[in-house]
Amino acid sequence: MNELDPNKAVPPPPGSQIEASITKFHRSMAARLRNYFLTGLVLVGPIYITVNLTWWFINWVDNIVRPFIPIAYRTETYLPWQIPGTGLILALSALTLLGFLTANFVGRKLVEASEFILNRMPVVRPIYKGLKQIFETLFSKSGSSFRKCALVEFPSPGMWSLVFLSQSATPEIAERLPDTEHVAAFLPCTPNPTTGFFFYVPRRDVVDLDITVEQAMTLLMSAGMVQPGASVADQQKRLAALAETARAAQALPASRPKAPAN
């Protein structure tokens, strides 16, 4: 007759209440770690990407401006390291000073003389004129380019795409289009809105949207995951709900249940 060793642990029978409690404990622990990770990712991710993009832009401007700075005036000449951002400050100062100088009579005459020379160059003339018109349109306060967002039925009936509206068709183009008002539209791609399709669409087929260009860009780059109208307060509420879920999971009994005494 075999005797049971009282010091030997007896495994719980399959399907018992103890096994169910242990499984529930493991699941709660996994859910708790997952919520902790997502909370940390939501907090650190945007900050990390923003800092890296800002740092890249500062270094990019510094590398462009540094060759124009005499060696005697560079920070690394007097310090054991280079101070980042000096090139960016010099570039902003130089552009502001240049704008101030072109506002007076002498500056305007110099700009006119430079443009006269560029307009006489066969290859450079179309490039310069095109780029100048683009910059004047983009940074003009009175310009209407990419200041409105709308929906058009594209690429097939029943499918709607987000577009940016610019200006109406010029008379040279409008007279060759059907007899209705057309507007220029740019349909950006996702998640890279710098590429896309440009076309003229009838004004009656455009559905205007009451959202800003920044909200539309966020919608495109997130592939619809971040919808317009979600305020900062809503985002904070979602983050707080995620943290509350993690705290609730932590409040669950973390100790392993003991086997009932025989």
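Residues are numbered from 1 along each chain as its sequence is written, and side-chain values use heavy atoms, with hydrogens and water left out. Since this is a predicted model, local features need pLDDT of at least 70 and side-chain atom pairs count only at pLDDT 80 or more, while totals for chains, interfaces and linings use all residues.

Start with helix 3, residues 86–102 (helices are DSSP runs of H or I, at least four residues, and strands are runs of E, at least two, numbered from the N terminus). Its 17 residues reach 24 Å from first C-alpha to last, close to the 24 Å expected at 1.5 Å a residue (1.5 Å times one less than the number of residues). Gly87, Leu88 and Ala91 are buried here (under 20% relative accessible area; exposed is over 50%, partly exposed in between, with a 1.4 Å probe and protein chains only). Down the axis of helix 3, the buried residues fall within an arc of 100 degrees, so they line one face (the arc is taken over directions from the axis to the C-beta atoms). The face turned away from that buried side carries exposed Ile89, Leu92, Thr96 and Phe100.

Arginine 74 sits in the loop between helix 1 (17–65) and helix 2 (75–78). A polar atom of its side chain lies 3.0 Å from the backbone oxygen of isoleucine 69.

Arginine 203, in the loop between strand 4 (196–202) and strand 5 (207–209), is partly exposed at 24% relative accessible area. Its side chain makes a polar contact with that of aspartate 208 at 3.2 Å (N or O atoms within 3.5 Å, one able to donate a hydrogen and the other to accept it; residues adjacent in sequence count only if both atoms are side-chain atoms).
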